[in-house]
Structures are given as structure tokens and as C-alpha cells.
There are 4 protein chains.
Amino acid sequence: MPVPKPNLYPPFNIVRLSHVEYRVTDLAASRAFYVDTLGLQVTHEDDDRICLRAMEERGHHCIVLQRADAADVGVLGFKLYDEPDLDRAAEFFAGRGLPVDWIERPHMGRTLRTRDPWGIPLEFYVKMDRLPPIHQKYALYKGVKPLRIDHFNMFASDVDASVAFYNDLGFRVTEYTEDDESGRLWAAWMHRKGGVHDVAFTNGLGPRLHHTAFWVPNPLNIIDLLDLMSTTGYVANIERGPGRHGISNAFFLYIRDPDGHRIEIYCSDYQTVDPDLEPIKWSLTDPQRQTLWGAPAPRSWFEEGSVFAGVEPVPSALKAQPIVAP
Amino acid sequence: MPVPKPNLYPPFNIVRLSHVEYRVTDLAASRAFYVDTLGLQVTHEDDDRICLRAMEERGHHCIVLQRADAADVGVLGFKLYDEPDLDRAAEFFAGRGLPVDWIERPHMGRTLRTRDPWGIPLEFYVKMDRLPPIHQKYALYKGVKPLRIDHFNMFASDVDASVAFYNDLGFRVTEYTEDDESGRLWAAWMHRKGGVHDVAFTNGLGPRLHHTAFWVPNPLNIIDLLDLMSTTGYVANIERGPGRHGISNAFFLYIRDPDGHRIEIYCSDYQTVDPDLEPIKWSLTDPQRQTLWGAPAPRSWFEEGSVFAGVEPVPSALKAQPIVAP
Amino acid sequence: MPVPKPNLYPPFNIVRLSHVEYRVTDLAASRAFYVDTLGLQVTHEDDDRICLRAMEERGHHCIVLQRADAADVGVLGFKLYDEPDLDRAAEFFAGRGLPVDWIERPHMGRTLRTRDPWGIPLEFYVKMDRLPPIHQKYALYKGVKPLRIDHFNMFASDVDASVAFYNDLGFRVTEYTEDDESGRLWAAWMHRKGGVHDVAFTNGLGPRLHHTAFWVPNPLNIIDLLDLMSTTGYVANIERGPGRHGISNAFFLYIRDPDGHRIEIYCSDYQTVDPDLEPIKWSLTDPQRQTLWGAPAPRSWFEEGSVFAGVEPVPSALKAQPIVAP
Amino acid sequence: MPVPKPNLYPPFNIVRLSHVEYRVTDLAASRAFYVDTLGLQVTHEDDDRICLRAMEERGHHCIVLQRADAADVGVLGFKLYDEPDLDRAAEFFAGRGLPVDWIERPHMGRTLRTRDPWGIPLEFYVKMDRLPPIHQKYALYKGVKPLRIDHFNMFASDVDASVAFYNDLGFRVTEYTEDDESGRLWAAWMHRKGGVHDVAFTNGLGPRLHHTAFWVPNPLNIIDLLDLMSTTGYVANIERGPGRHGISNAFFLYIRDPDGHRIEIYCSDYQTVDPDLEPIKWSLTDPQRQTLWGAPAPRSWFEEGSVFAGVEPVPSALKAQPIVAP
């Protein structure tokens with residue numbers, strides 16, 4: 001099944017991914033990880049919930065840490081362009097037989113809550129509290145100097161179907177991995193905001209969230225984070241990297257938060273705003289797809305992920321397997 | 001005069017700035033500068049014309065070097081989203097009483113040639129020859145490792161009026177400098193593609209092109225270029241920098257090509273895709289506006305620029321002056 | 001007068017420069033500068049005195065900040081190889097008719113206090129309190145991430161004579177600037193520890209301390225410091241840079257502490273351990289000597305310096321002048 | 001067995017490691033690797049032999065590539081301080097019953113050829129042809145921008161004995177790994193020139209050369225090399241890294257040349273000139289010893305090495321094993 005043609009005129013205008021709600025079992029431990037170690041800035045804090053933003057963001061939050069009995073993912077949030085887009089979004093999801101709820105969310109305006117066909121909880125909004133710029137308050141920079149949320153990567157049990165659905169929403173494929181034998185998609189990277197991806201889907205037990213990624217200025221910030229984590233008790237939280245992905249060309253590091261939620265630290269992808277940008281195809285058997293420099297990813301990276309609240313993941317029918325570190 | 005409200009529904013969809021035609025008096029000297037020193041890639045070359053692209057670009061060219069008797073700027077090019085946008089653009093410019101010509105340009109599809117109200121030659125297109133990706137052909141990287149064209153900066157004799165016109169085209173102001181006394185705009189930065197700017201306007205004898213900017217991976221590439229230029233006969237072509245702009249937060253270097261055309265090498269601005277992004281206001285009397293670290297720009301930087309072919313620039317009526325290096 | 005031949009068998013073995021005592025008028029302000037901004041680590045602190053070390057140093061201090069009524073330089077310290085070297089040093093200085101005092105210094109073993117022929121206060125020691133390594137305690141790194149003290153640079157009223165004296169002590173010239181007309185030395189860089197210099201002398205009203213330099217990992221740390229200083233009230237303390245010196249090839253930044261003492265932040269010189277390393281000669285009229293990239297230094301950089309406690313500086317007879325920024 | 005006390009007054013003065021002769025089976029393939037990919041500069045070339053230097057070196061060569069039927073290591077070279085040191089060296093080796101030959105070597109002055117007690121071929125000299133500086137000829141920099149040879153690392157069948165011998169020569173231990181159970185040395189790092197090491201010894205089938213290391217400016221140069229190698233046919237030559245060693249604190253990459261000779265690319269160790277520098281002890285069971293960030297080295301890295309011409313390596317009696325990647 002080929003990559004779908006880009007949908008130049010989607011039913012409503014998604015500007016970008018916006019935020020994720022992580023449900024966590026030890027709020028203090030999560031705060032130590034995200035705030036003291038990664039360097040995200042606290043914008044709200046109470047006994048049950050911490051809101052965070054990265055250094056160049058002016059929206060109120062990109063991560064919500066919500067105290068919970070079990071660790072999972074509450075919702076993935078996306079910002080829409082203008083108020084009418086919210087209504088068009090409601091119409092679209094209703095037309096697909098998917099739930100449409102208008103909910104109250106602190107710090108956010110009118111908010112539409114729905115799920116994609118596989119149950120991934122999504123929320124769409126236009127207005128979120130806007131905060132003063134801090135990107136030139138250099139005394140606040142610490143940790144990995146996170147600049148902004150970059151993308152969500154999800155396990156999908158049927159990547160072809162997920163890509164078709166998100167393509168309908170206007171996400172455009174920039175790169176993809178094909179199983180040479182079946183010709184089916186094994187993974188795909190899709191964007192709205194002009195980078196390699198806002199969302200990506202990887203074959204596996206799904207739906208689950210594989211990771212949320214943050215953009216940082218340059219590879220040396222990632223090296224600084226590795227030095228810091230490895231000498232402050234977080235060495236076991238380093239899962240993979242540093243390295244350069246063949247796909248996306250990103251310099252990357254994967255780390256795990258205290259509940260096992262995976263965070264990617266990331267820089268140096270490329271601009272994708274051209275609507276006629278040709279997707280780049282990779283073979284599942286090409287090891288440089290994973291890591292341009294040749295090192296395969298560990299098994300945990302292919303198998304572990306965060307479940308979405310209230311959704312039971314199902315196995316993929318596609319049995320092709322990538323190369324895994326022995 | 002306040003900054004205009006963003007025009008969320010412009011008459012046609014400009015994706016991004018695309019290319020500039022520099023008319024140059026010594027094609028070999030220009031080639032040595034842009035190709036051998038900066039590291040741009042040749043995509044076409046004949047006796048009169050050289051086309052160049054940067055490393056992550058798949059469109060045929062971002063710079064055209066055209067042999068000419070006198071050095072000036074032939075045209076600024078912009079990519080539109082879809083074919084109907086071209087017709088809407090023609091309608092828009094005709095409606096403003098501006099020239100509308102459909103021209104033939106090598107390597108480009110249907111091309112609309114016009115001028116803005118001050119005479120700046122503009123061309124719009126949807127299709128340009130697409131080339132295979134080279135961003136992972138690391139053996140080709142050299143010089144400053146230019147990744148993509150980033151923006152045009154122009155002198156304008158009436159910045160308020162220029163901003164109003166380009167705002168009508170859908171460019172959104174991200175940062176601006178106001179003359180505290182008159183309340184008029186002294187400079188403004190406006191984007192389409194999600195960074196701080198695709199175009200900027202600065203008060204002065206206009207219209208003239210102040211510079212074209214290229215995006216590079218990180219500040220060390222700029223340091224490498226300084227080392228290279230200063231030891232290969234180009235030390236006098238280094239005009240300003242390195243430094244960090246207060247405005248845009250960019251790490252910058254300004255250099256001059258053999259004809260005096262100014263090129264900015266640039267990294268580290270921020271993402272601006274939110275349509276409700278609040279413009280940042282700077283005072284003309286704030287020296288950190290120019291350079292966050294305090295050093296004023298040299299006089300040449302404020303006064304010199306490239307004329308557009310066939311357009312006589314006129315002085316600005318706004319007499320406020322920035323701080324200039326003694 | 002030519003550069004003297006290296007003295008391969010000096011009278012005693014100086015390992016490296018070690019520390020400087022800065023007398024400061026506002027200890028809290030100096031602490032904010034050196035500790036909170038530069039990132040040096042406090043190893044001793046009382047009402048009158050703060051001792052600091054850099055991240056890879058295991059000796060007790062490289063800077064002593066001593067409360068005083070007027071800002072000047074108390075002493076320059078050097079580490080000797082072994083105890084007999086101390087006695088040989090005493091013999092050498094006594095033989096030259098220079099003062100020899102054995103003094104008590106906290107945190108230091110047997111300490112010889114003397115002055116060079118121009119009155120610069122010097123102290124020599126073999127043993128200083130040794131502290132546990134902190135170079136892998138990455139949570140402590142901040143500011144510019146200073147790794148170690150690198151060199152002292154001094155104004156000298158007779159550079160030829162100063163170089164001759166320090167050459168006798170075993171310092172070896174690595175680079176020098178000659179006044180083309182008189183053939184006299186205008187400046188010279190001299191090392192013991194295997195880099196471009198432990199001490200340097202520049203023509204001018206002397207003796208005065210021009211600056212003390214600290215070594216940092218890479219140019220991005222220097223850019224980080226510029227961003228930090230320029231947004232935390234220290235923009236006026238940035239004097240020159242960033243840039244690359246022609247001489248020494250160092251990437252540099254010059255800043256001033258609250259009392260005006262000048263600190264250089266520095267990386268990337270080269271290894272000079274070969275005893276037959278040929279000194280590199282520069283002409284005073286070569287602007288790339290100062291800054292490889294062409295920008296001249298500001299007048300303050302050539303004229304201002306810290307006096308040594310109790311020493312009246314005298315003008316140089318050598319009237320040749322470098323190129324100064326207009 | 002404890003680490004020996006530093007020998008402050010060695011029998012002769014070794015300045016630094018100097019050069020290695022690699023015997024290679026395909027001179028053209030080796031040239032492509034060392035010159036076109038790593039960026040070393042050719043200083044001599046004939047049908048059988050290529051001499052190379054790094055960018056800041058002024059001695060004629062740091063690597064000699066010698067055409068041979070089988071790949072091995074011809075000799076390790078060291079520079080002495082002064083001519084009398086050569087005679088003292090001859091006396092020392094003769095006194096230990098080791099071979100002493102005065103040989104002719106192109107580009108080198110009086111040269112002493114000998115072997116250490118395990119057969120490692122060594123040569124000592126004072127004078128080598130000196131070449132003009134190229135460290136500011138930035139147009140010549142390419143590949144990983146190698147600045148200088150940094151150290152040799154060798155497998156030793158009895159690390160305690162090797163360390164004792166090289167300690168007698170004046171090499172000083174900076175860091176070491178002890179087998180907790182037997183109390184014997186498993187590895188040690190020893191320097192002459194003021195960094196963490198000129199030579200290191202690791203337990204294993206020995207003597208063999210584990211690797212030769214080159215110093216580069218910063219971690220981004222290593223990332224550049226990875227990008228280059230992985231897209232120019234050298235992906236299989238990447239063996240380990242990038243990472244930071246716990247020991248030495250170095251940012252490292254290990255690659256293999258076309259014959260399997262291992263090269264380390266390396267930056268950011270620390271200054272060790274203090275004669276009273278306390279050696280840092282690591283436990284063999286501490287995985288951060290190998291890689292601060294936690295990733296174990298691959299088996300090949302622990303097992304493979306280059307034999308010295310004419311020397312049959314023997315197994316170590318010390319059976320303790322490090323953690324190896326599964």
C-alpha cells in the first residue's frame with residue numbers, strides 16, 4: 001500500500017502538536033526528572049498536577065504531570081488555527097462516528113475531546129493561556145535547555161490505517177519505512193508545523209505512546225544531559241543514544257522518566273513546509289534507517305511504550321521485525 | 001502606528017521565501033565565494049548563470065548568480081502553496097494596480113512576475129524542479145554547511161507602509177522596533193514559514209536589499225566560516241559578528257560577497273507557527289536590540305545595501321537613528 | 001633584539017601558574033561575578049576572603065578574592081615541582097638582589113614570597129591543600145564551565161627585559177609581536193606547562209596585570225556566558241569578543257569583574273611541549289595578530305589594567321602603537 | 001599491588017609520545033582512510049610509505065603507513081628532551097638487558113631503537129624534521145580535524161609489571177582500574193606530556209596495540225566524522241561510541257582502519273602536570289568506568305588489537321573480566 005497523497009485541503013487546520021498529559025505515580029520524582037534534570041519550567045503546580053513549558057514556548061503548557069495510581073497517558077493535545085476549525089473538527093470526528101465532547105480544561109479555551117479510531121485520546125483547542133517570553137532569560141536555562149515540544153511517536157497495530165486517518169486530518173508524510181516483502185508501511189513520520197513530524201507511527205502493540213520529543217539547540221546540550229544524568233542517579237534512565245537517525249536526520253537521545261514514559265531529546269531535522277515535498281522511503285532491512293552510524297536500538301526501545309488511559313492495545317498483524325541489538 | 005493585526009486569511013497562500021537572483025560582475029569570483037567558501041551546491045552552471053541550492057533544499061535553486069555589468073538584485077522569489085494561489089496572486093496584484101506578467105523561467109513552472117508598490121521585483125511560482133535529497137550526503141558538506149535559505153531583509157523608506165502591504169499578503173509580524181518618539185515602525189520581522197521571518201524591513205534609503213540569510217546547524221559552523229574566510233583572503237568581507245541579535249535571538253554573522261551583496265549566516269531563532277503569537281516590541285534606543293551582548297553594528301551595516309534592478313531608492317522621512325559603532 | 005633561546009635547564013622547575021590574589025572592594029559583588037556567573041567553586045569563605053577553584057583543579061585555589069579598600073592585585077602564584085626547587089628559587093632571587101621571604105599562607109605549604117625586577121609580587125610553593133576531584137560532578141557545572149586557570153597577561157614597560165628575565169626562569173616563548181621599525185619586542189607569550197602561555201607580556205604602562213585567563217571546554221560555553229551576562233545585568237562588563245586571536249589561535253572573550261579586573265575566557269590553543277618548538281613571529285602592523293577575523297580591540301583593552309599592590313607602573317619607552325578600534 | 005609512586009627524577013626525559021608506524025596491506029585504502037576521511041596531512045609519500053601529521057603538529061610525522069604483506073605495528077616512537085637524554089636512554093635499556101640499536105630513520109635525527117621487556121618495539125629521538133605551522137591554514141582542515149596524536153593504548157599480559165617499567169621511565173599514573181578481588185591492576189593510564197596519558201595498558205593477550213588516539217577540538221567534530229564515515233562506505237569501521245569515558249572523562253569514538261588497526265578520536269581530558277596529582281582509582285565492576293553514560297563496550301573492543309611486528313603475544317594470568325555488551 002503506497003503512502004497516501006498529501007491532503008492539501010484538510011477538513012480543519014491543525015497548527016501543531018501542543019501538549020501531552022502524563023499520568024505519573026510519584027509527582028515529586030517526576031518533578032525532579034522534568035524540572036531539575038531536563039530543565040522544563042513550571043507554569044502551574046498544585047498537589048495533583050504540574051504544568052510545564054519549554055524555553056521558547058509561550059503557551060501555558062506542553063506537559064501536564066497528573067498524579068495517578070497507575071502510569072499512563074491521559075491525552076495528546078493539538079492546537080488549531082482559528083475558532084471555526086474547532087467546529088469543523090467536531091463535525092469531522094462526529095462524521096466518523098467518534099466521540100465528541102466539549103470539556104473544561106484549566107488554562108485553555110474551548111476544548112474538544114475525542115479519540116482516534118484506535119482509541120487514542122485527543123484534544124483540540126485554539127486558545128491556551130499565553131505567557132511572557134522567557135527565551136532570552138538565559139539565567140533560567142538549565143539541564144538540556146529544552147526549547148519546545150517537537151512530536152509524538154506512537155505504536156500502531158495497523159500503520160497503514162493510522163497513516164490514512166491522520167493524512168485525512170492534513171498530516172503529511174515526510175519519511176516512511178516499508179516492509180519490503182508485504183509492501184505495507186512499517187512506520188511513518190507525518191507533520192503539520194514544518195518539521196519532519198508532529199506525529200509518527202511505528203508498527204507494534206498499539207495504540208501506545210512510544211515517546212514525546214523535545215527540541216534542543218544542538219548536540220552538545222544532549223551530551224551535557226548525558227553527563228548530568230549519569231552522575232546524578234539517572235544512568236539507568238538512559239535508554240538509547242546519542243546517535244543520528246537515518247530517518248529524519250535527527251541527532252537523538254532516548255531517556256525514560258521515573259514511570260518509564262519515554263522522552264526523546266532531539267535536534268537537527270529539516271524544514272518540510274513545501275507541500276510537494278517528496279516522502280523519503282526506507283527499507284526495514286536497512287540498519288542505517290534506525291541509526292545512520294550503524295548501531296541497532298535495544299529491544300526495550302522496540303517493545304516498551306506507555307498505554308493510553310482506558311485503551312487496551314492490540315498486537316499488529318504485520319510480523320516483520322527490525323534489527324535489534326543482540 | 002501600531003503593528004497590524006495578523007491577516008489569518010490572506011488572498012493567496014505563500015509557503016515561504018524561495019530564491020534571490022543576484023546580478024554579479026565577476027561570475028568566477030562569485031562562484032569562489034558562494035560555492036568554495038560558503039559551501040552552496042551548484043545545480044546549474046553556464047557561461048552567464050550559476051544556480052545554487054543549500055544542503056537540505058530539494059528545490060532547484062535558492063540563489064541564481066547572473067552575470068551582469070553592474071551588481072544589483074534581479075528578483076526575490078516566493079513559493080506558493082497550490083496552482084490556484086498563483087491566479088489569486090495575479091488577481092491581487094492587478095487589483096492593486098501593480099504589474100502582472102507570466103514569464104518563462106528555467107527550472108520553474110508557471111511563474112508570475114510583479115513588483116511591490118515600491119518597485120521590489122517579486123516572482124511567485126508553485127513548481128520548481130525538484131532534486132534528490134543530499135542532506136545526508138555528508139561528503140558534500142563544506143564551508144559553513146548552509147542548510148537552507150532563511151529570509152530577505154530590505155531597507156524600506158516607509159516601514160509602516162511596507163509592513164501593511166506584506167501583512168495583507170499574509171506575512172505575520174514576530175518582532176518589531178518602534179521609534180519611541182514618533183511611534184512609527186523603525187523595523188519589522190515578518191514570517192510565513194514558521195520562523196522569525198521570511199522578510200524583514202528596516203528604515204532607510206529604500207527599497208534596497210539589506211541581506212539574504214542562510215540557516216546553518218549551529219554557532220560552531222559560523223566560527224568555522226570565520227576561520228576559513230580570514231585565512232583565505234576574505235577577511236575584508238567579514239562585516240559584523242559573530243554575535244547574538246536581541247531581536248530574533250539569532251546567532252549571526254554578516255559577510256559581503258565580491259560585489260558587496262550582504263549575506264547573513266544565521267542559526268537559532270524560534271518557532272512561530274502559532275497564529276496568536278504576540279509580536280515582541282523593541283525600543284530603537286535599546287542597544288541589546290541589535291546585539292544582545294551590547295556591541296553596536298558598524299556604520300556600513302546600517303547604510304549599505306544592494307539596489308534592485310531598475311529601481312531608484314528614495315530616502316526615508318523617519319529620521320530616528322540607531323546607535324552605531326563609533 | 002631577537003627572542004632569547006629557550007633555557008632548557010632553568011635554575012628551578014616551575015610547573016605552572018597557579019593562582020592570583022585579587023583585592024576587591026565589594027566581596028559580595030565579586031562573589032556574584034566569579035561564583036554565580038562564571039561558575040567557579042568556593043573552597044573557602046570568610047568575611048574577608050573567598051577562595052575559588054575551577055572544575056578540574058584539585059589544588060585548593062586558583063583565585064583568592066581579598067576584601068580591600070582599593071582594587072589591585074596582591075600576588076601571582078606559581079607551583080614548583082619539588083621541595084628542592086623552592087630553595088633553588090630562593091637562591092636565584094637572592095642572587096638577583098630581589099626580596100626573599102618565607103611566608104605563611106593558608107592552605108599552602110612552604111611559600112616563598114618575592115618580586116620580579118619590576119616589582120610584580122610573586123609567590124612560589126610546592127604543596128597546596130589537595131581537594132577531591134569534582135570534574136565529573138556535572139551537577140556542579142554552571143556559568144561558563146571554567147576548567148582551569150590558564151595564564152597571566154601583564155603590561156610591561158620593557159618587554160625585551162621582562163622576556164629575558166622570565167626566559168631565565170625557564171619560561172619558553174611560543175609567539176611574539178615585534179615592532180618592525182625598532183626590532184624590539186612589543187609582546188610575547190611564554191609557557192611552562194605545555195600550552196601557548198603561562199605568562200605573557202604586552203608593551204605599556206607597567207607592571208600591571210592585563211588579565212587572568214580561564215580555560216573552558218569549547219566556544220559554545222563562551223556563547224552561553226555572553227547570553228547569561230547580557231541578560232543578568234552584566235552587559236557593560238563584556239569588553240571584547242568573542243573572537244579568535246591570530247596569536248595563540250585561541251577563541252576568546254574578555255570581561256571585566258566588578259572592580260574592573262579583566263578576565264579572559266579562552267579555549268583551543270595548542271600543545272607546546274616540544275623544547276624545540278619554533279616561536280611564531282607576528283608584525284605589530286598585522287591586524288589579524290589581534291583578531292584573526294579582522295576586528296581590532298577597543299582602546300580600553302590596550303590601556304586599562306590592574307595595578308599590583310604597592311607598585312607604581314611606569315610608561316614604556318617603546319612608542320609603537322597597535323591598531324585600535326575607532 | 002598498589003600503584004607505584006611517581007618517579008620524579010627518571011633516568012632520561014621523555015617529552016611525549018610521537019609517532020606510530022602502521023604496517024598496512026593496501027596503501028591506497030589506508031590513504032583514503034587516514035587522509036581523505038580523518039583529515040591527516042601528507043608530509044611524505046612514495047610507493048611504499050606515507051607520512052602524516054595532524055594539524056597542529058610541526059614534527060614531520062605522527063603516523064607512518066608502511067606497505068607490508070601483513071598488517072601489524074612496526075614501532076612506537078617517543079620524543080626526548082635533549083641529546084644527552086638519548087645517551088642516558090641507551091644506557092638505561094642496556095642496563096636492563098634490552099636491545100640498543102642506533103638506526104637511520106628518514107626525517108629524523110639520531111634514533112635509538114629498542115624494545116620494552118615484553119618486546120614492544122620502541123624508538124627514541126630528539127630531532128625530527130620541523131615543518132611550517134599549518135594550524136591556522138583553515139582551508140586544509142577536513143574530516144575530523146585531527147589536531148595531534150594523543151596516546152597509545154596497549155594490551156599487556158601483566159599490567160602491574162608494565163606499569164612498574166613505564167613508571168621507571170617517568171610515566172606517571174593518572175587513573176587506574178583495579179581488580180577488586182586480587183588487588184591487581186587491570187588497566188592504567190600514564191602520562192608524560194600533561195594530559196591523562198601518553199601510554200595506557202589494559203589486561204589481555206599482550207603485548208598488542210589496542211589503539212592510537214588523536215585529539216580533536218570538540219565533540220561536534222566527532223559527530224561530523226560519524227556522519228561522514230556512515231555515508232561514505234565506512235559504517236562497518238565504526239566500532240564504539242560516541243560516548244564519554246568515566247576514566248579520563250574523554251569524549252570518544254573508536255574506529256577501525258582498513259586493516260583493523262584501531263584509532264580513537266578523542267577530546268576533553270584534563271591537565272595533569274602537577275607531580276602530586278593523585279591517581280583516580282576505578283573498580284573493574286563499575287560500568288561507568290568504561291562509559292560514564294552506562295553503555296558497555298562491544299566484545300571486539302576488549303579482544304581485538306594489532307600485534308607488534310615480530311612479537312608473539314601471550315595470555316594474561318589475570319582472569320577478571322569487564323562487563324561486555326551482550
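Student: Where in chain A is Pro207(A) placed?
Tutor: Start with the elements. Helices (H or I, at least four residues) and strands (E, at least two) are DSSP runs, numbered from the N terminus. Pro207(A) sits in the loop between β12 (199-203) and β13 (208-215) of chain A. A cis peptide bond links Gly206(A) to Pro207(A), with omega about 5°.

Student: How should I take these coordinates?
Tutor: This is a predicted model, in which local features need pLDDT of at least 70 and side-chain atom pairs count only at pLDDT 80 or more, while totals for chains, interfaces and linings use all residues. Residues are numbered from 1 along each chain as its sequence is written, chains are lettered from A and ligands numbered from 1 in the order in which they are written, and side-chain values use heavy atoms, with hydrogens and water left out.

Student: What pLDDT does chain A average?
Tutor: pLDDT is the predictor's confidence in each residue, from 0 to 100. Where it is low, the predicted coordinates should not be read in detail. Chain A averages 96, and 99% of its residues score at least 70. For the complex, the predictor gives an ipTM of 0.97 and a pTM of 0.98.

Student: Back to cis bonds. Where is Pro242(D) found?
Tutor: Pro242(D) lies in strand β14 (residues 238-244) of chain D. The bond from Gly241(D) to Pro242(D) is cis, with omega near 5°.

Student: What is the phi of Ser248(A)?
Tutor: Near 80°, a positive value in a residue other than glycine. Ser248(A) is in the loop between β14 (238-244) and β15 (251-256) of chain A. In chain B, Ser248(B) has a positive phi of about 80°.

Student: Is Ser248(A) buried or exposed?
Tutor: Buried means under 20% relative accessible area, exposed over 50%, partly exposed in between (1.4 Å probe, protein chains only). Ser248(A) has 2%, so it is buried. Ser248(B) has a relative accessible area of 2% and is buried.

Student: Which strands are joined to β4(A) by bridges?
Tutor: Two strands pair if DSSP finds at least two bridges between them. Strand β1 (residues 14-24) of chain A runs parallel to β4(A), with five bridges. Val24(A) has Arg67(A) as its bridge partner in β4(A). Strand β3 (residues 49-53) of chain A runs antiparallel to β4(A), with four bridges. There, Cys51(A) stands opposite Val64(A). Four of the five residues of β4(A) (residues 63-67) are buried, so the strand is largely enclosed by the rest of the structure.

Student: What are the domains of chain A?
Tutor: Domain bounds come from an automatic or database domain assignment. Here they give domain 1 (14-131) and domain 2 (145-307). Contact means heavy atoms within 4.5 Å. It takes 42 residues from domain 1 of chain A and 41 residues from domain 2 of chain A.

Student: How much area do the two domains of chain A bury between them?
Tutor: The size of an interface is often given as the accessible area lost when the parts come together. Buried area uses a 1.4 Å probe and is summed over both parts. For these domains it is about 3400 Å², 71% of it on carbon and sulfur atoms. In domain 1 of chain A, Leu17(A), Phe33(A) and Trp118(A) lose the most area to domain 2, together 22% of what that side buries.

Student: How many residues of chain B are in contact with chain A?
Tutor: 35 residues of chain B touch 35 residues of chain A. The buried area is about 3400 Å², with 44% from carbon and sulfur atoms. Arg58(B), Tyr81(B) and Gln271(B) supply 18% of the area that chain B buries against chain A, more than any other three residues.

Student: What rotation superposes chain B on chain A?
Tutor: Superposition is by least squares on the C-alpha atoms of residues with pLDDT of at least 70 in both copies. The rotation is 180°, with 0.0 Å of shift along its axis and an RMSD of 0.0 Å. That is the relation of a two-fold axis. The same surface serves both copies, as 100% of the contact residues of chain B recur in chain A.

Student: How many residues does the contact take from chain D and from chain A?
Tutor: It takes 17 from chain D and 17 from chain A. About 1500 Å² is buried, of which carbon and sulfur atoms give 67%. In chain D, Ile223(D), Asp227(D) and Trp293(D) lose the most area to chain A, together 35% of what that side buries.
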